[in-house]
Amino acid sequence: MRQLVHSGAPWESSVGYARAVRVGAHVFVSGTTAVDRSGNVVSPHDAYLQAKHILSVISSTLAKTGATLADVVRIRIFVTDIATHAESVGRAHSEVFGSVQPACTMVEVSRLIDERLLVEIEAEALIA
């Protein structure tokens with residue numbers, strides 16, 4: 001059985017993806033950026049606050065599939081400037097996942113879909 005979770009973001013229909021997909025016990029959360037429900041960039045110049053917002057969205061998305069942050073087994077973090085943002089994004093990640101300790105990768109990318117976005121995060125969960 002395949003469960004799709006949509007957030008209502010306009011990109012989901014125009015690009016053709018879901019915010020998350022659950023297949024069996026596996027949950028895959030799409031790359032998530034710091035954009036609010038109105039389409040506004042959250043905290044345009046603060047990677048830490050963007051990461052906190054993103055992790056909150058991921059938590060809410062997981063809940064819609066029956067998963068929790070404790071079920072997360074893999075995180076991928078994309079930052080636009082790793083030298084500048086790695087520490088603050090890492091701190092936000094640690095505050096949420098310090099006791100869970102999922103596998104995690106952080107890489108630098110040349111840019112995200114909006115130049116005010118500094119970080120994008122994907123998550124994978126396995127519901128026990």
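**View 1. Strands β2 and β3 pair in the antiparallel sense over four bridges.** Two strands count as paired if DSSP finds at least two bridges between them. Helices here are DSSP runs of H or I with at least four residues, strands are runs of E with at least two, and both are numbered from the N terminus. With two residues between them, β2 and β3 make a hairpin. Look in the turn for glycine 24, which has a positive phi of about 60°. Valine 23 sits opposite histidine 26 in β3. A word on what you're looking at: this is a predicted model, where local features need pLDDT of at least 70 and side-chain atom pairs count only at pLDDT 80 or more, while totals for chains, interfaces and linings use all residues. Residues are numbered from 1 along each chain as its sequence is written, and side-chain values use heavy atoms, with hydrogens and water left out.

**View 2. Six strands make an open sheet with mixed pairing.** Going across, the order is β1-β2-β3-β6-β4-β5. The edges are β1 (2-5) and β5 (103-108), and each of these pairs on one side only. On average, neighbouring strands are turned by 10° against each other, direction ignored. For angles like this one, axes are lines fitted to C-alpha atoms (for helices, over the stretch in contact), and the angles run from 0 to 180 degrees between N-to-C directions. Valine 5 is the residue opposite alanine 20 in β2.

**View 3. Helix α2 (residues 47-65) packs on the sheet.** It touches β1, β2, β3 (26-32), β4 (72-79) and β6 (119-126), where contact means heavy atoms within 4.5 Å. The direction of α2 makes about 30° with that of β6. Serine 59 is partly exposed, at a relative accessible area of 28%. On that scale, buried means under 20% relative accessible area, exposed means over 50%, and partly exposed is in between (1.4 Å probe, protein chains only). For a sense of distance, the C-alpha atoms of serine 59 and glutamate 108 are separated by 23 Å, with the two residues 49 apart along the chain.

**View 4. Arg76, Glu122 and Glu124 are linked in a network of salt bridges.** A salt bridge here is a side-chain nitrogen of Lys or Arg within 4 Å of a carboxyl oxygen of Asp or Glu. By that rule the count comes to four. In one of them, glutamate 122 and arginine 76 meet at 3.5 Å, N to O. Glutamate 122 lies in β6 and arginine 76 in β4, so this pair ties together parts that are 46 residues apart in sequence. Arginine 76 also bridges to glutamate 124, with the closest N and O atoms 2.7 Å apart. Glutamate 124 is in β6 too, so its pairing with arginine 76 in β4 joins parts that are 48 residues apart in sequence. Each member of the trio is partly exposed: glutamate 122 at 25% relative accessible area, arginine 76 at 27% and glutamate 124 at 22%.

**View 5. Aspartate 114 and arginine 116 meet in a salt bridge.** Their side chains come to 2.8 Å, N to O. Arginine 116 counts as partly exposed, at 39% relative accessibility.

**View 6. Trp11, Val15 and Ile113 make a nonpolar surface patch of about 340 Å².** Patches are made of residues with over 30% relative accessible area and no salt bridge; nonpolar side chains (Val, Leu, Ile, Met, Phe, Trp, Tyr) are joined within 5 Å, and like charges within 9 Å. The areas come from the Shrake-Rupley method with a 1.4 Å probe, and for residues only the protein chains shown count as cover. Valine 15 belongs to helix α1 (residues 10-16). It is exposed, with a relative accessible area of 60%.

**View 7. Serine 43 has a positive phi of about 45° although it isn't a glycine.** You'll find serine 43 in the loop between β3 and α2. Serine 43 is partly exposed, with a relative accessible area of 23%.

**View 8. Glutamine 101 has a positive phi of about 50°, again without being a glycine.** Glutamine 101 is in the loop between α3 (82-97) and β5. At 63% relative accessibility, glutamine 101 counts as exposed.
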